[in-house]
Amino acid sequence: MDITISGDQRAIEESVGRLCAQFDDAYWSGCDAAARFPHEFHRAMAEGGWLGITMPVELGGAGLGVTEAAIMMHTVTQHGGGFSAASTIHINLFGPHPIVVHSTPEQKARWLTPLIKGEEKACFGVTEPDAGLDTTSISTFATRVKGGYRVKGRKMWTTTAQEADRILLLTRTTPKADCRKPTDGMTLFYTALDRSKVEVRRIEKMGRSAVDSNAVFIDDLFVPDEDRIGEEGRGFRYLLDGLNPERILIACEAIGIGRDALRRASDYARERHVFGRPIGQNQGIQHPLAENWAYLESAFWMAMRAAHLYDTKKPCGAEANAAKFLGARAAFDACTRSVMTHGGMGYAKEFQVERLFRESILTRIAPVTEQLILSFIAENVLGLPKSY
Ligand SMILES: Cc1cc2nc3c(=O)[nH]c(=O)nc-3n(C[C@H](O)[C@H](O)[C@H](O)COP(=O)(O)OP(=O)(O)OC[C@H]3O[C@@H](n4cnc5c(N)ncnc54)[C@H](O)[C@@H]3O)c2cc1C
């Protein structure tokens, strides 16, 4: 058993860390306050070649695994940009996984190359207002017509749809009632976000304001056959392939946010003197921070174990879900404690930790909630009856 970060992986941390250090707190709090997409950061990551870390080598990617991608995202979120930095580039890593696995060589070249170069941006349209977590109940429908499909429906929370050139779009092509299994009859497309047929309405939200999330209204959008991924009716199965890597990435993104908040809390606790001594000398201040470190560290190694299982093609559903659960909780707790450690200044924007706190709760909700993760573990690990 070798549970260490390798030399090559350390090199990723150092290189990505150097790049992220160019974007300071003022940059990230400015993007957050103005709800402005971090274009400069996106461009720098593209120019550094990082947007293709998991993409095929023959298309200009690095062909590395989820372990390296998770290490990269853990580094990204530790440098002050938090979930805004992560969400600027997250879709590039495993969002296009169904394309990598199930599309034709022509589609891969057409779609992945501009994503890797940072020339195009994508968004991910799965969640719908009336279906929620019950994804098989989506109602966005793609009707067959000559040469392709006509799509009508609504998506909810679609992140980066203000910026995106293309959308990875899950639709029904057969009504659920007519399918043998609820997961049948869904089809996945990757297609141009034609704004004459798609209205994108920004949602005002609690945090991560630099990266937009939207209500999306699709009215009679024509999608040509060549923009369908794989076979008609199998889209849900294609999406499932990418779920475990996504949980692992979110876990590490969350843990990085928690580590940043913990570093800021420790710095403050060393420097802030009250009653004639540093506040960090009080065990009431230092024990909760030490506890945060322990939870973050254990969540990180659960994520690394899940990543290793995935990269060595072994089942990793339980570990990936546990990593996402533990990572998000540990991050939220560390951010909360960081605000409290700063006392009143924790509430001031100047110290950044309120921004990290607002972002950290999102890692508990998206892309899947804690309840659904626990239901998965209860059913698949503990053998309890399915509850949903
Ligand atoms: C900022 C942000 C960005 C997002 N970006 C994207 C994106 O880019 N693309 C995309 O497709 N989606 C995106 N999402 C959507 C996100 O994945 C969903 O919000 C999330 O999966 C939860 O779904 P819901 O909001 O519909 O909750 P609901 O399904 O309405 O659930 C509400 C609550 O009830 C609980 N619940 C529901 N059913 C059960 C059950 N059977 N047992 C126990 N508890 C249950 C849930 O856990 C949750 O706590 C984003 C969300 C946010 C907030």
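The model is predicted: local features need pLDDT of at least 70, side-chain atom pairs count only at pLDDT 80 or more, and totals for chains, interfaces and linings use all residues. Residues are numbered from 1 along each chain as its sequence is written, and side-chain values use heavy atoms, with hydrogens and water left out.

**View 1. The whole chain.** The protein chain has 14 helices and 9 strands. These are DSSP runs numbered from the N terminus (helices: H or I, at least four residues; strands: E, at least two). The C-alpha atoms fill a box of roughly 80 × 45 × 40 Å along the principal axes. The radius of gyration is 21 Å, which agrees with the value near 21 Å for a compact globule of 388 residues. It is taken over C-alpha atoms, and the globule rule is 2.2 Å times the number of residues to the power 0.38. Buried residues make up 53% of the 388. Buried means under 20% relative accessible area, exposed over 50%, and partly exposed in between (1.4 Å probe, protein chains only).

**View 2. Phenylalanine 23 against phenylalanine 41.** The structure holds 10 aromatic pairs. Rings of Phe, Tyr and Trp (its six-membered ring) pair if their centres lie within 6.5 Å; planes under 30 degrees apart count as stacked, over 60 as edge-to-face and the rest as tilted. Phenylalanine 23 and phenylalanine 41 pair edge-to-face, 5.5 Å centre to centre with 85° between the planes. Phenylalanine 23 sits in the loop between α1 (7-20) and α2 (25-34) and phenylalanine 41 in helix α3 (residues 39-47), so the pair ties together parts 18 residues apart in sequence. Phenylalanine 23 is buried at 10% relative accessible area; phenylalanine 41 is buried at 1%. Ring pairs link Phe23, Tyr27, Trp28 and Phe41 into a cluster.

**View 3. Arginine 144 and glutamate 232.** The structure holds 24 salt bridges. Each is a side-chain nitrogen of Lys or Arg within 4 Å of a carboxyl oxygen of Asp or Glu. Here arginine 144 meets glutamate 232 at 3.6 Å, N to O. The pair links distant parts of the chain: arginine 144 lies in strand β2 (residues 141-145), glutamate 232 in the loop between β7 (213-224) and α8 (235-241), 88 residues apart. Arginine 144 is partly exposed at 44% relative accessibility, and glutamate 232 is partly exposed at 36%.

**View 4. Aspartate 267 and arginine 270.** The side chains meet in a salt bridge of 2.4 Å, N to O. Both residues lie in helix α9 (residues 243-271), 3 residues apart, about one turn of the helix. Aspartate 267 is partly exposed at 25% relative accessibility. Arginine 270 is exposed, at 52%.

**View 5. Glutamate 354 and arginine 358.** Both residues lie in helix α12 (residues 353-360), 4 residues apart, about one turn of the helix. Glutamate 354 is buried at 11% relative accessible area. Arginine 358 is also buried, at 16%.

**View 6. A nonpolar surface patch.** Val381, Leu382 and Leu384 form the patch, with about 280 Å² of accessible area together. Patches are made of residues with over 30% relative accessible area and no salt bridge: like charges are joined within 9 Å, nonpolar side chains (Val, Leu, Ile, Met, Phe, Trp, Tyr) within 5 Å. Accessible areas come from the Shrake-Rupley method with a 1.4 Å probe; for residues, only the protein chains shown count as cover. Leucine 384 lies in the segment after α14 (370-380).
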